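Student: I would like to learn how to read a model of this kind, one feature at a time. Could we begin with how much of a residue is open to solvent, and then move on from there?

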Amino acid sequence: MPEALIKLENVWKVYKLGEIDLSVLKGINLEIMPESFVTIMGPSGSGKSTLMYLLGLLDTPSKGKIYLQGKDTSNFSEDRLAEVRGKKIGFIFQQFNLLQNLTALENVMLPMIFQGIPEEKRKQKAKQLLESVNLAQRINHKPSEMSGGEQQRIAIARSLVNDPEILIADEPTGNLDSTTGKTVMEILKKLHEEQKKTIVVVTHDPTIAHYSHNIIHIQDGQIRANHFEDEKVLWEQENNIKNV
Ligand SMILES: Nc1ncnc2c1ncn2[C@@H]1O[C@H](COP(=O)(O)OP(=O)(O)OP(=O)(O)O)[C@@H](O)[C@H]1O
Ligand SMILES: [Mg+2]
């Protein structure tokens, strides 16, 4: 068995609301294996986004440990965490989070500035990434001139600039109609199959979950079920999910 890329061990997240402690995640144990494609499903407020922030090392647990390739991240300094996030983890959000006054090309080039990559190289890489998400014709357009699906594809291209091992996407199709959502998922699928990226996607949509090999159900801050390949097919049949 290979080592987990990210491992959560008895992870709790507790928010203090005045006198009250609100436990949002309650003892999560989870392993994200290299080259896996995982979806996380669960009702609104169940803790999915909180879990994604922890998986992406954007937040720290109140209790429990997060291991990155076997290393306990609780010992990492802020600088080390930022470095690891920048190098190994790509993020995709429901709201795209693009800068509106920059073109698609400039949005993708931006994260490379902080790494001191020369402009010509940045441009070249950004162009190549935008081509890989089928946006070659739109590189000089601004987000406001593009559809939701196109904007999300810019965000995917941007998440890939540092060639991360893992892509973490929180409801990447949440603002898209189902056809457009499918084109975005096809791109994630291609990245998984052709570039062996590890992918973790939060979704409400069972047809989106169908793209993954492993569906994790979270409810009230706890993992209720973790369906792998064979079981997943059964679960999909029971829930009437057709092949996509
Ligand atoms: N910073 C915070 N302070 C206090 N409570 C928080 C904070 N962040 C999240 N919560 C609470 O934690 C719970 C889980 O939130 P989370 O955003 O993880 O849910 P979710 O499963 O992503 O929901 P949705 O499907 O609506 O996006 C919610 O009850 C939310 O109100
Ligand atoms: Mg959420």
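This is a predicted model: local features need pLDDT of at least 70, side-chain atom pairs count only at pLDDT 80 or more; totals for chains, interfaces and linings use all residues.

Student: Is Asn 134 buried or exposed, and why?

Tutor: Buried means under 20% relative accessible area, exposed means over 50%, and partly exposed lies in between, with a 1.4 Å probe and protein chains only. Asn 134 counts as exposed because its relative accessibility is 56%. Its place is in the loop between α4 and α5, where helices (H or I, at least four residues) and strands (E, at least two) are DSSP runs numbered from the N terminus.

Student: What does Asn 107 touch, leaving out residues up to four places away in sequence?

Tutor: Contact means heavy atoms within 4.5 Å. On that basis, and without residues up to four places away in sequence, Asn 107 touches Leu 98, Leu 99, Leu 102, Pro 143, Ile 154 and Arg 158. Asn 107 sits in helix α3 (residues 104-113), and it counts as buried because its relative accessibility is 1%. The buried residues of α3 include Leu 105, Val 108 and Met 112 as well as Asn 107, and the buried residues of this helix pack against α4 (119-132) and α5 (148-159).

Student: Which residues does Asp 220 contact, its neighbours within four places in sequence left aside?

Tutor: Asp 220 is in contact with Lys 26 and Ser 46, once its neighbours within four places in sequence are set aside. A polar contact is a pair of N or O atoms within 3.5 Å; within protein, one must be able to donate a hydrogen and the other to accept it, and residues adjacent in sequence count only if both atoms are side-chain atoms. The side chains of Asp 220 and Lys 26 make such a polar contact, at 3.4 Å. Asp 220 lies in the loop between β9 (214-219) and β10 (222-228), and its C-alpha is 7.3 Å from that of Val 24, although the two are 196 residues apart in sequence.

Student: How many residues surround ligand 1, and which are the closest?

Tutor: A residue is near a molecule if one of its heavy atoms lies within 4 Å of it. By that rule 13 residues surround ligand 1, and the closest are Ser 44, Gly 45, Lys 48, Ser 49 and Thr 50. The elements that give two or more residues to the shell are β1 (6-17), β2 (20-32) and α1 (48-55), and α1 supplies the largest share, 3 residues.

Student: What can be said of the fold as a whole?

Tutor: The protein chain has 8 helices and 10 strands, and 47% of its 244 residues count as buried. Residues 24 or more positions apart account for 69% of the contacts with a separation of 6 or more. The radius of gyration, taken over C-alpha atoms, is compared with a globule rule of 2.2 Å times the number of residues to the power 0.38. The chain has 18 Å, which agrees with the value near 18 Å that a compact globule of 244 residues would have.

Notes:
Residues are numbered from 1 along each chain as its sequence is written. Chains are lettered from A and ligands numbered from 1 in the order in which they are written. Side-chain values use heavy atoms; hydrogens and water are left out.
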